[in-house]
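Student: Could we go through the ligand site together? I would like to begin with contacts and then turn to the pocket.
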Amino acid sequence: MAESVLVVGASRGIGLELVRQYRADGATVVGTARDDAGLARLQALGAHALRIDVTELTSVAGLAWQIDGQAFERVWVNAGVYGPSGLNALQAPGREDFDQVMRTNVLGPMQVVPQLVDALAPQARLGLVTSRMGSIGLRTNGNGWLYRASKAAANSVLRDLAFALEGRAVCAAFHPGWVRTDMGGAGADLSVEQSAAGLRAVLAGLTPADHGHFFDQDGQALAW
Ligand SMILES: NC(=O)c1ccc[n+]([C@@H]2O[C@H](COP(=O)([O-])OP(=O)(O)OC[C@H]3O[C@@H](n4cnc5c(N)ncnc54)[C@H](OP(=O)(O)O)[C@@H]3O)[C@@H](O)[C@H]2O)c1
């Protein structure tokens, strides 16, 4: 039977490429976007497209009933924003930037995962796309500290989800690599095709021993 996949934050970039690759493999895919153009790109790939803004509780609350009765074997919670570029330690973020980054990258998964938990297939694999920039252990500079703080918090969210989902699903946090997207920029290391292919393979290969850990797109375990 075809694999069933949900990608939250799939209008463009890595999320859209995940949808494209899963569809190319014959999977049944539900993808989310915020605007008509993103929804149309998903529909063009043969995905079922849902309009979800992860920062808005009313929007996220609609997710549960829209996917009611489905059983996803693979779930990606991918939506994210970087916020202001070039914001380094000792440069305080403005309140609007702080709220947008934290609401998207932290509140987002905290709101989304509870809404989809009943739609997880037994032993589903769930990936939360965070970032190596959120790792405290691997940190070598303080560039982009608002984004870093949000992704460190997202990693914390994943750890707590791992306790809540124990025995029900296998979940992990993922760094997708430095990827040529609107966020990663044209000079990044990886194409979306390379990143998404790696992420898919690592997610598919997760064992219960990997539950609650942090990996990159090559399957390397990362320090928190
Ligand atoms: N690119 C990199 O090098 C890199 C490195 C490390 C981690 N990451 C992480 O990888 C993930 C994907 O990044 P990307 O490079 O593909 O970035 P991107 O091209 O900027 O795409 C970001 C995606 O997140 C969605 N999104 C943003 N805010 C949202 C919201 N409030 N509700 C729902 N969806 C929302 C966007 O939808 P809209 O089109 O509606 O804005 C878009 O689909 C992010 O979590 C990012 O932090 C990326």
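Student: How far does a polar side-chain atom of R12 lie from an oxygen atom of the ligand?
Tutor: The model is predicted. In it, the distance between a polar side-chain atom of R12 and a ligand oxygen atom is 2.7 Å.
Student: And which polar backbone atoms lie by an oxygen atom of the ligand?
Tutor: One belongs to V179, at 2.7 Å from a ligand oxygen. Another belongs to G80, at 3.3 Å from a ligand oxygen. On its own the ligand has 890 Å² of accessible area, and the protein covers 95% of it.
Student: Which residues come nearest to the ligand?
Tutor: There are 30 residues around the ligand, and the nearest are S11, R12, R34, Y147 and T181.
Student: What is the make-up of that shell by class?
Tutor: The shell around the ligand comprises 13 polar, 12 nonpolar and 5 charged residues.
Student: What is the volume of the largest pocket, and how many residues line it?
Tutor: Its volume is about 980 Å³. The lining has 40 residues, with G80, V81, Y147, T181 and M183 nearest the centre of the pocket.
Student: Which element gives the most to that lining?
Tutor: That is α1, with 3 residues. At least two residues each come from α1, β2 (28-33) and α5.
Student: And the classes in the lining?
Tutor: The lining of the largest pocket has 16 nonpolar, 15 polar and 9 charged residues.

Methods. Residues are numbered from 1 along each chain as its sequence is written. This is a predicted model: local features need pLDDT of at least 70, side-chain atom pairs count only at pLDDT 80 or more; totals for chains, interfaces and linings use all residues. Side-chain values use heavy atoms; hydrogens and water are left out. A residue is near a molecule or strand if one of its heavy atoms lies within 4 Å of it. A polar contact is a pair of N or O atoms within 3.5 Å; within protein, one must be able to donate a hydrogen and the other to accept it, and residues adjacent in sequence count only if both atoms are side-chain atoms. Accessible areas come from the Shrake-Rupley method with a 1.4 Å probe; for residues, only the protein chains shown count as cover. Ala, Val, Leu, Ile, Met, Phe, Trp, Tyr, Cys and Pro count as nonpolar, Asp, Glu, Lys and Arg as charged, and the others, Gly among them, as polar. On a 1 Å grid over the protein atoms alone, a cavity is a set of points where a 1.4 Å probe fits but cannot get out, and a pocket is an open set with protein on both sides within 12 Å along at least five of seven lines; lining residues have an atom within 4 Å of a point. Grid points are joined across faces, edges and corners, and a volume is the space filled by probe spheres set on the points. Helices (H or I, at least four residues) and strands (E, at least two) are DSSP runs, numbered from the N terminus.
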